[in-house]
There are 2 protein chains.
Amino acid sequence: MADRGWPDCAKSLKGVVLDLCGVLYDSGEGDGVAIPGSIEAVQRLKTSDLQLRFCTNETQATREKFVAKLQRLGFDISVSEVFSPSPAAVAVLKQRGLRPHLLVYDGVLPEFDSVDQTNPNCVLIGDAAENFSYQNLNEAFRVLMGLEKPVLFSLGRGRYYKETDGLKLDVGVYMKALEYACDLEAEVIGKPSPMFFQSVLSDMGLQPCETLMIGDDLVNDVGGAQHCRMKGVQVRTGKYRPSDERHPTVTADGTVDTLAQAVDMILAQRGH
Amino acid sequence: MADRGWPDCAKSLKGVVLDLCGVLYDSGEGDGVAIPGSIEAVQRLKTSDLQLRFCTNETQATREKFVAKLQRLGFDISVSEVFSPSPAAVAVLKQRGLRPHLLVYDGVLPEFDSVDQTNPNCVLIGDAAENFSYQNLNEAFRVLMGLEKPVLFSLGRGRYYKETDGLKLDVGVYMKALEYACDLEAEVIGKPSPMFFQSVLSDMGLQPCETLMIGDDLVNDVGGAQHCRMKGVQVRTGKYRPSDERHPTVTADGTVDTLAQAVDMILAQRGH
């Protein structure tokens, strides 16, 4: 399969990994809205012979809460199929004996209940949206500047995402802000970290070359997957912008209008 | 003088340029507080045969307002001696026919009263402190993303400054945030822009090698001045940190405890 392009490569696939926001649905007021055709597309993948996982950098709520939201929107999806940065971060913090100062969305705080947060010796930021006030960012900055060896974790490095009312700044922007302020480099947990993609592959028991990632973020979904030798296809929904198709460093294996179109093409290649 | 080190070089100086915050005073509640000895140090320079100017990236208030503050603190200083980024920015905007979306401190808005701000075709940020809310930064981001040729001006590129209650994030941090979000490079107005230092030299009618900059910011004051072939001395007040003295790229011509000590050394070299 290594030398097969899209959509020909679909013949030898064994698994598909889907980003959530911008691929399955657009976030916004309330639960947001499903992208047309995506509910059926997920269903068709589920009833095919392909393994299916979901890989998101969403950190606005606990995994349980946002999976429940997706179920309300009509998606057939369960918590065990979803990989998100917070549980991965909890594992890293415990393993290294680190006590985080958290700057995250209120809704994701329960994910960190089991982690000691007294007398912080690192800072962890997620998409905090309105919680990224000047005061909160300054507080995180002061914690870092007060540490002999400052450590900053960022749950993703996305630039922006799309809600129903427009583009919104993502965690990567604030990661860059703190990196510059403190003259350090953050450790990214979540896409495009190879470790994060690898955990999904391990769970499926598949090789990268047997697996396709579909996302709306050219750099973090497509580029991140390709960096791990997975195939990467971009959808023209969510945060997609036409300029992505002439990006200087990342070229998707394929670009499709919607997840529904991608699934049509994959299943057609496989003779369904 | 080119081959003379500090403080020997003081013999052939014709002018001195002082940063304000962190050199003359520490900002904070109310007017802030004068740094011990600095009021007399300014006075001694004024009564010497050296020309004196003040060069600041302060953009929290109009020049008139913060000069009045310095006068209340006891400094002998007038508006015409002070160079700050806002008037320089107004000149650039008018010259290039640009209409800014402003994200600045409320107090500095009057400086831009003469500039057309309807239907913005660029974004200009200054130190906006609490005005750097998520919503305001996102609005600036959306304006930039909506422009065919996005232009971002930043009044300085400082990482942080020191107030009486601790370190505070400066405009450069938010400049980096928007640069990353929009994949562009900002145009900096103010220190360390060579054009900004040049405007001070022109006003004094002096050559760079005849002029010394004294500041607390190693990169923007000292490095910026040295880049223009001025001498640069750092004070151990304000945002100074011991690690500045082993900075990988910028080495001050001299480092002194306070402005008062620098002035003592300069005047001693000159036989006063």
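This is a predicted model: local features need pLDDT of at least 70, side-chain atom pairs count only at pLDDT 80 or more; totals for chains, interfaces and linings use all residues.
Residues are numbered from 1 along each chain as its sequence is written, chains are lettered from A and ligands numbered from 1 in the order in which they are written, and side-chain values use heavy atoms, with hydrogens and water left out.

**Exercise 1. Determine the strand order of the open sheet in chain B, and state which strands stand at its edges.**

Solution. Step one: helices (H or I, at least four residues) and strands (E, at least two) are DSSP runs, numbered from the N terminus. Two strands pair if DSSP finds at least two bridges between them.

Step two: in chain B the order of the four strands is β6-β7-β8-β11, and their pairing is parallel. β6 (100-103) and β11 (187-189) of chain B each have a single partner strand, so they stand at the edges and one side of each lacks a neighbour in the sheet. From one strand to the next, the twist averages 25°.

Step three: four bridges join β6(B) to β7(B) (residues 122-125) in the parallel sense, and L102(B) stands opposite L124(B) in β7(B).

Axes are lines fitted to C-alpha atoms, for helices over the stretch in contact, and angles run from 0 to 180 degrees between N-to-C directions. Helix α3(B) (residues 85-95) packs on the sheet and touches β6, β7, β8 (152-155) and β11 of chain B, its direction making about 160° with that of β8(B). Helix α4(B) (residues 134-145) lies across β6, β7 and β8 of chain B, at about 160° to β6(B).

**Exercise 2. Describe the interface between chain A and chain B.**

Solution. Step one: 30 residues of chain A are in contact with 30 residues of chain B.

Step two: buried area is the accessible area (1.4 Å probe) that two parts lose on being put together, summed over both. Between these chains it is about 2700 Å², and carbon and sulfur atoms give 62% of it.

Step three: on the chain A side, Y134(A), L169(A) and Y180(A) lose the most area to chain B, together 31% of what that side buries.

**Exercise 3. Locate N119(A) and A129(B), and decide whether each is buried or exposed.**

Solution. Step one: most residues other than glycine have a negative phi. Phi is near 45° in N119(A) and near 45° in A129(B).

Step two: N119(A) lies in the loop between β6 (100-103) and β7 (122-125) of chain A, and A129(B) in the loop between β7 and α4 of chain B.

Step three: N119(A), at 59% relative accessibility, counts as exposed, whereas A129(B), at 1%, counts as buried.

How values were computed. Contact means heavy atoms within 4.5 Å. Buried means under 20% relative accessible area, exposed over 50%, partly exposed in between (1.4 Å probe, protein chains only).
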